[in-house]
Amino acid sequence: MSEQKVYYGKDIEVMFNSEVCTHSGICVKGFPAVFNLSKRPWVDPDAATADEIARHIDKCPSGALTYTRLDSENPIKKEEWNMHIVEHDTAHKRFLIRDKGAIAAVMTYVTSSPELYIIDHTLVDNAYRGQGLGDKLVNAMVEYARENGIKIIPLCPFAKGRFERYPEYADVLNK
Ligand code: SF4
């Protein structure tokens, strides 16, 4: 089973696979503001610009550290965005995107009340990263909330980051 963890920032998300890390220490010695083992979480993708973090991760010799740009350097591929349909599975309280029957991306929520939903988890399968599927899930939830007079608490770090990035979501954000 993969040991990959994801650290979400506003402009970049950083993936770390402990199984392939060769512990050369390039990340922590070279950029302690972002990679710091004495902090939890040990990766802070908002502690520097996406450019600086991407350049540093490119030096990781093992490929244990990888990233997906979420800013303008990696615009969402609109053809792919349009190809994927978001389903709202109300029985299981989740929005999801399937590809050939398998789940490619899923975002789950809990209902604190009929008017207050909490996004607690977003997961995009590794094979579909960088295609904007997570954004599409958040966007679908925002539209659903608008239509139904619901406010959202984005607890999951990915959704929180998207709400911080897109001020146009403020009307459904629970303050
Ligand atoms: S730079 Fe890459 S291989 Fe080296 S310690 Fe960091 S994560 Fe591991």
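**Strand 8**

Helices (H or I, at least four residues) and strands (E, at least two) are DSSP runs, numbered from the N terminus.

I kept in mind that the model is predicted, so that local features need pLDDT of at least 70 and side-chain atom pairs count only at pLDDT 80 or more, while totals for chains, interfaces and linings use all residues. Residues are numbered from 1 along each chain as its sequence is written.

**The sheet that holds strand 8**

Next I looked up the partners, taking two strands as paired if DSSP finds at least two bridges between them. Strand 8 runs parallel to strand 7 (residues 116-124), with four bridges joining them, and leucine 116 stands opposite lysine 151. I then traced the open sheet of five strands, whose order is 4-5-6-7-8 and whose pairing is mixed. Strand 4 and strand 8 stand at its edges with a single partner strand each, so one side of each is left without a neighbour in the sheet. From one strand to the next the twist averages 30°; for such angles, axes are lines fitted to C-alpha atoms, for helices over the stretch in contact, and the values run from 0 to 180 degrees between N-to-C directions.

**Hairpins in this sheet**

Strand 4 (residues 86-89) and strand 5 (residues 94-99) run antiparallel and are joined by four bridges, and histidine 88 has phenylalanine 95 as its bridge partner. Four residues lie between these two strands in a hairpin, and lysine 93 in the turn has a positive phi of about 50°.

Strand 5 is joined to strand 6 (residues 102-113) by six bridges, again antiparallel, and here arginine 94 stands opposite threonine 108. Two residues separate strand 5 from strand 6 in their hairpin, where lysine 100 has a positive phi of about 50°.

Strand 6 and strand 7 pair in the antiparallel sense over eight bridges, and a hairpin of two residues joins them.

**Helix 4**

I followed the chain from strand 7 through helix 4 (residues 133-148) to strand 8 and recorded a right-handed β-α-β unit; right-handed means that, with the strands pointing away from the viewer, the path from the first strand over the helix to the second runs clockwise. Helix 4 lies across strand 4, strand 5, strand 6, strand 7 and strand 8, and runs at about 35° to strand 6. Contact here means that the C-beta atoms of two residues, placed from the backbone, lie within 7 Å.

Finally I turned to the open sheet of three strands, which has the order 1-2-3 and antiparallel pairing. Its edge strands are strand 1 (4-8) and strand 3 (65-69), each pairing on one side only. Strand 1 pairs with strand 2 (residues 12-17) over five bridges, and valine 6 stands opposite methionine 15. Helix 2 (residues 50-57) packs on this sheet, touching strand 2 and strand 3, and its direction makes about 150° with that of strand 3.
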